Amino acid sequence: MHSELSLIEQVKSGKLWDIPGGIHPPERKSLSNSTKIDIIPLSPFYYVPIKQHIGNEGKLLVKVGEQVLTGQPLTDAIEGLSLPVHAPTSGVIKDITPHVSAHPSGKPEITIVIESDHKDTVFTTKPIKNWQTSEAASLTKHIQSMGVAGLGGAAFPTYVKTNPTKDIKLLIINGVECEPYITADDVLMRYFANEITQGINILQHMVQPELVVIAIEDNKPEAIEAIKLAVKDQDTIEVRVIPTKYPSGGEKQLIEIVTGQEVPSKSIPADIGIVMQNIGTCFAIKEAVIDGKALIHRVVTVTGESISRPQNLWVKLGTPISDLLTHCGLVAEQDQRLIMGGPMMGFNIMDTMMPVVKSTNCILAPSEYNLPSFGVEQACIRCSLCSDACPVNLLPQQMLWYSKAKDHEKLEEYNLADCIECGVCSYVCPSQIPLVQYYRSSKVEIKQEKEDKIKSDKAKERFETRQLRLERDKQARLLKHKESADKRKKALEKDGNAKDKIAAALARAKAKKASTGETAPISADAQTTNTQDKVAAAIARAKAKKQAQADSETTATVSSESQDSEVGSAEAVEAKSAEQIKKDKIAATVARAKAKKLKQAAENKEQGESN
Amino acid sequence: MKSISKLFVSSPHTRTGLTTNQVMRTVCYACIPGIAAQTYFFGWGVIVQALLCIIVALTAEAIILSLREKPVRATLADGSAMLTGLLIALSIPPLAPWWISVIGVSFAIIIVKQLYGGLGFNLFNPAMAGYVVLLISFPVAMTNWLPVQQVMTYDISFLDCVSSIFTGFTLDGYSVTQLRIAVDGITMATPLDHFKTQIDLGLTASEITASPIYGDYGGTGWEWVNLGYLIGGLLLLKQGVIRWHIPFAIIASLFTFSLISYSITPDLSLPPMISLFSGATMFAAFFIATDPISASTTIRGRLIYGAIIGALIFMIREWGGYPDGVAFAVLLTNLAVPLIDYYTKPAVYGHKAKV
């Protein structure tokens, strides 16, 4: 408790901490931040991917050919992490089909294609004007239904963060915007400071933090002025001007700068009582709650040396990039690079039909001269510029080695999972090694490996369970064999006269034979007859035994089969040790062998006699 | 509108700073003040050796690269072989016979660098490994440093140097041994060598350092050479090619040990300033030990690495059999680098805090 109190006190004192490493790339923000935010004219077609956020896509609510209005929900959020998307303008749904996605891979994703009717008729939704007296839960539901996602880049559903399960002490509003070229948040703060403040107030009402800190890099003096003016009467909101350095705007980095604390590895900020929201998100929350407007537009910076009119625009989500480029005048050079996002963390656009989505903050068309691309990769000379620049204190030079060797164990030991992929290591590498790319690949490999391991573990478990069950069944069967064999034996013993009867019968037969004339042998050797009788008796006994065993075996099999369903309950039976069973088995085999031998001997004798 | 790039590139989309090729070249250029001083005091032999060693280094590298079926031209352009050659040239006596250079450089490039996998894979500093092979195999030739030209009996020209390196004699027919005899008829040794032998003869430090081979604060001539490398090193620091940790740790460690030793036994110990400005101290601190491939890479590791080298240099000079100990110190510490790196990993974000 004491330490947490001092956290707020410390933050209030205005002290700032530094993050390790970091870089100061040319900012080039003045290209695009000198004009007001313009509105781009309506496009003929909009391409709205049904998944624009982290989590699950919603359930489709519309069909091809249906008429939709501006702001009308196109999907409905489903269970779990999910957000709806809304129609950016009024028109007809032309198609619902896979279309190039706003993702580094460009992999086609299900997209709703809307042909604009150029009327932009608005779908009426209910705002929550009296949000001050509303329950946090109903506001959360409303924010979810308006499709609000984090506009800083990750597009994490906002309703999850406005409904924290932990006690929140500090709300940080991220207005750092540390990526070069991008000025979307900068201009939003300059011209919409009051709306942003309203959004922050709604967040305060929902999250109930002790303190709100708005962090802005010192390279945006106009934005700082505007925000300071907007919050001057609110003593629970403080503006913190932080030194310009990339990547100060990273969530964990900004927390370290403002509070001096670290979010423990594999935890989220809420675990240490902190929630962070982006400037743009605050604006979207205000629009959703107070104006009842779904998230269907956002500010996008269209900039770069190859853009003749670089500027910030209100762009409807689903607008194809090509329309933005045409509007702002792309003058492409040879092999013009197009980047969605900033130069440090953005990805290259290979198809200009890619739509603007909730996470699109910038379309960058740089010149090769001003933003030189990477040359041929050379050997790592372990200069350690990368580790000096790493904002999370990793050792990229060692990780490269293990990444190339696919030594996943070592990579985890060197905390690959804590890499935020900010790109600083590659940026400073003299050998022009695309380090981040190596780490991304390794992360995917490790994830794959873990999934495979889970799968194989499950398979192994299944196999072992099956083996165990089979073995148990076998033991149960053997035990039953044994039991019924014993029973049979006992029955045979009880009914012991059977042998004698056979012997008697044989004796009788012999006697008869003898009496019918074979006098010579009898008189010659009475002893032989005696022996012969004995042999005959033995044979008979053996035969009887064999028969008995065969019988018992069949009965045992039958009974074990019929009782298979009961095997589960036969655990007590298992108590009989396998050794005992084995011993019994050996005894039986020995007995059989003996009987066989005896029989053979008798046969031989008979043969000899008959000869 | 021209074409849009369809090439998939991962972020980041740009880079900054020197490339590896530029880094290697910058180090070569930063040697210039040191080379100039060395040439001024020890004659043209320095330049001849530098050219010879660089040519041998490039040739050896080219041969091995083609045997390994690696791109020859592109790899030679990285400048690393050139740098190794240059560093060896600056370490050996300027009038050492040509085969000394050939053997040393070939060993460094072929065995120490390429057989370990080429640039970035060598465990040991190639230049120092090559130098040590020479020092152990040919101790006499390797300690035949000429006295500084200012106290030499004979003037030797550029062609004398070439002739001496390739035939063993100057154009006038003097051998290196004859050249080493100073004005007063005594064979001249390097300050560090001289100090060692004189101490063994029972002289005190102050008596020894009165000799003309000691200058104002270092060895005569040697102090300027060291100053030259110090300036070059500071340029490298300013350019961001090297970081301050290793040179600082070496100098601080060597100075500290020298100071302790000097304050305990002033008559038997080399004064700390002579320690710093004689032999290869500055050269080692800024140009040899900072070779990133064979050095420690973590911040704390670099400090430890430098401190160990400084301590070893001191120990070898003070108690060892060789007058200077830079090469051995660096190689021995190279061995400890994986261990140092492993135990000096910085705490990664989120692993310090415990909730």
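This is a predicted model: local features need pLDDT of at least 70, side-chain atom pairs count only at pLDDT 80 or more; totals for chains, interfaces and linings use all residues.
**Entry 1: helix H11 of chain A**

I call a residue buried when its relative accessible area is under 20%. How many of the residues of H11(A) are buried? I found 7 of 9, so by the cut-off of under 20% this helix is mostly covered. I noted the buried ones by name: Pro396(A), Gln397(A), Gln398(A), Met399(A), Leu400(A), Tyr402(A) and Ser403(A).

Next I looked up what does the covering. Just past the helix I stopped at Lys406(A), which has a positive phi of about 55°.

**Entry 2: the second largest pocket**

I stayed with H11(A), as this helix turns up again here. Which element gives the most to the lining of the second largest pocket? It is H11(A), with 6 residues. Helix H4 (72–76) and helix H18 (326–343) of chain B also supply at least two residues each.

I wrote down about 1,000 Å³ for the space in this pocket. Its lining has 37 residues, and those closest to the centre are Ala379(A), Cys380(A), Leu119(B), Gly120(B) and Phe121(B). Sorting the lining by class, I got 18 nonpolar, 12 polar and 7 charged residues.

**Entry 3: where the chains meet**

I then turned to the two chains together. I read that 66 residues of chain A are in contact with 48 residues of chain B. Between them, the chains bury about 4,800 Å², and 54% of that is on carbon and sulfur atoms. Which three residues supply more than any other three of the area that chain A buries against chain B? My note says Glu262(A), Ile381(A) and Arg382(A), with 15%.

**Entry 4: the largest cavity**

A reminder to myself: rolling a probe the size of a water molecule over the atoms shows where empty space is left. I counted 6 cavities of 30 Å³ or more. The largest cavity holds about 420 Å³ of space. I found 27 residues lining this cavity, with Ser91(B), Tyr131(B), Trp145(B), Ala280(B) and Asp324(B) closest to the centre. Several helices of chain B give two or more residues to the lining, including helix H5 (80–91), helix H7 (126–137) and H18. The largest share, 4 residues, comes from H13(B). By class, I have 18 nonpolar, 7 polar and 2 charged residues around the largest cavity.

**Entry 5: two residues up close**

I picked Thr281(A), which sits in helix H8 (residues 279–290) of chain A. Is Thr281(A) buried or exposed? Its relative accessible area is 0%, so Thr281(A) is buried. The side chain of Thr281(A) reaches the backbone nitrogen of Leu151(A) at 3.0 Å. Beyond its neighbours within four places in sequence, Thr281(A) is in contact with Val148(A), Ala149(A), Gly150(A), Leu151(A), Gly152(A) and Thr158(A).

My other pick was Leu52(B), in helix H3 (residues 45–67) of chain B. I noted 13% relative accessibility, and therefore Leu52(B) counts as buried. Setting aside neighbours within four places in sequence, I found Leu52(B) in contact with Trp98(B), Ser101(B), Ile165(B) and Phe166(B). Last, I checked Leu52(B) against Ala347(B): they are 295 residues apart in sequence and 47 Å apart in space, C-alpha to C-alpha.

Notes. Residues are numbered from 1 along each chain as its sequence is written. Chains are lettered from A and ligands numbered from 1 in the order in which they are written. Side-chain values use heavy atoms; hydrogens and water are left out. On a 1 Å grid over the protein atoms alone, a cavity is a set of points where a 1.4 Å probe fits but cannot get out, and a pocket is an open set with protein on both sides within 12 Å along at least five of seven lines; lining residues have an atom within 4 Å of a point. Grid points are joined across faces, edges and corners, and a volume is the space filled by probe spheres set on the points. Ala, Val, Leu, Ile, Met, Phe, Trp, Tyr, Cys and Pro count as nonpolar, Asp, Glu, Lys and Arg as charged, and the others, Gly among them, as polar. Buried means under 20% relative accessible area, exposed over 50%, partly exposed in between (1.4 Å probe, protein chains only). A polar contact is a pair of N or O atoms within 3.5 Å; within protein, one must be able to donate a hydrogen and the other to accept it, and residues adjacent in sequence count only if both atoms are side-chain atoms. Contact means heavy atoms within 4.5 Å. Buried area is the accessible area (1.4 Å probe) that two parts lose on being put together, summed over both.
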